[in-house]
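Please open the model in the viewer and follow the stops below in order. Each stop names a selection and then describes what is found there.

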Amino acid sequence: MANTEAALQDAMTSIEGALGVALVDYGSGMALGTLGGSQTLDLNVAAAANTDVVRAKLRAMEMLNIQDSIEDILITLGSQYHLIRLLSGRGGTGLFLYLVLDGKRANLAMARHQLRRIEADLEV
């Protein structure tokens, strides 16, 4: 079992092209932990903004009466991938992992695989 700090460190070191990662509470929009980022990538601002993305998708699913759960939300930019992974186990309800990847260096399939592994090991 990994704590938040260890899980974020694991994401930054094991996922090729990781630029930043955060664990976010989508009830409040607050980042519970961040690692990485830059002057142009403020992970606390991104956490709050992407909370709206998660809430909008959950509302859309409710309106469409879709009885399923969200695994990932992917946002592709010209030079980056933004991956949102909703947590489902051991106290993770209401939380998501937010990962920003360099689009030129990242392997999206491997990043998703690694995030699933990190989620499984994360103890919140």
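The model is a predicted one.

**First stop: the whole chain as a cartoon.** Followed from the N terminus, the elements come in the order α-β-β-α-β-β-β-α. The radius of gyration is 14 Å, close to the 14 Å that the globule rule gives for 124 residues, so the chain is as compact as a globular protein of that length. Along the principal axes, the C-alpha atoms occupy a box of roughly 40 × 35 × 25 Å.

**Second stop: contacts and surface.** Among contacts with a separation of 6 or more, 54% join residues 24 or more positions apart. Next, display the surface: the accessible area of the chain is about 6800 Å², and carbon and sulfur atoms contribute 51% of it. Of the 124 residues, 40% are buried.

Select helix 2 (43–63) and strand 3 (72–76), then the loop between them, where Asn-65 is located. What is the phi of Asn-65, which is not a glycine? The angle is positive, at about 55°. Is Asn-65 buried or exposed? Its relative accessible area is 55%, and exposed means over 50%, so Asn-65 counts as exposed.

Technical notes:
Residues numbered from 1 in each chain as written. Predicted model: local features only at pLDDT ≥ 70, side-chain atom pairs only at ≥ 80, totals over all residues. Heavy atoms only, no water. Helix = DSSP H or I, 4+ residues; strand = E, 2+ residues; numbered from the N terminus. Rg over C-alpha atoms; globule rule 2.2 N^0.38 Å. Buried < 20%, exposed > 50% of the residue type's maximum accessible area, 1.4 Å probe, protein only. Contact = heavy atoms within 4.5 Å. Areas by Shrake-Rupley, 256 points an atom, 1.4 Å probe, with all protein chains shown as cover.
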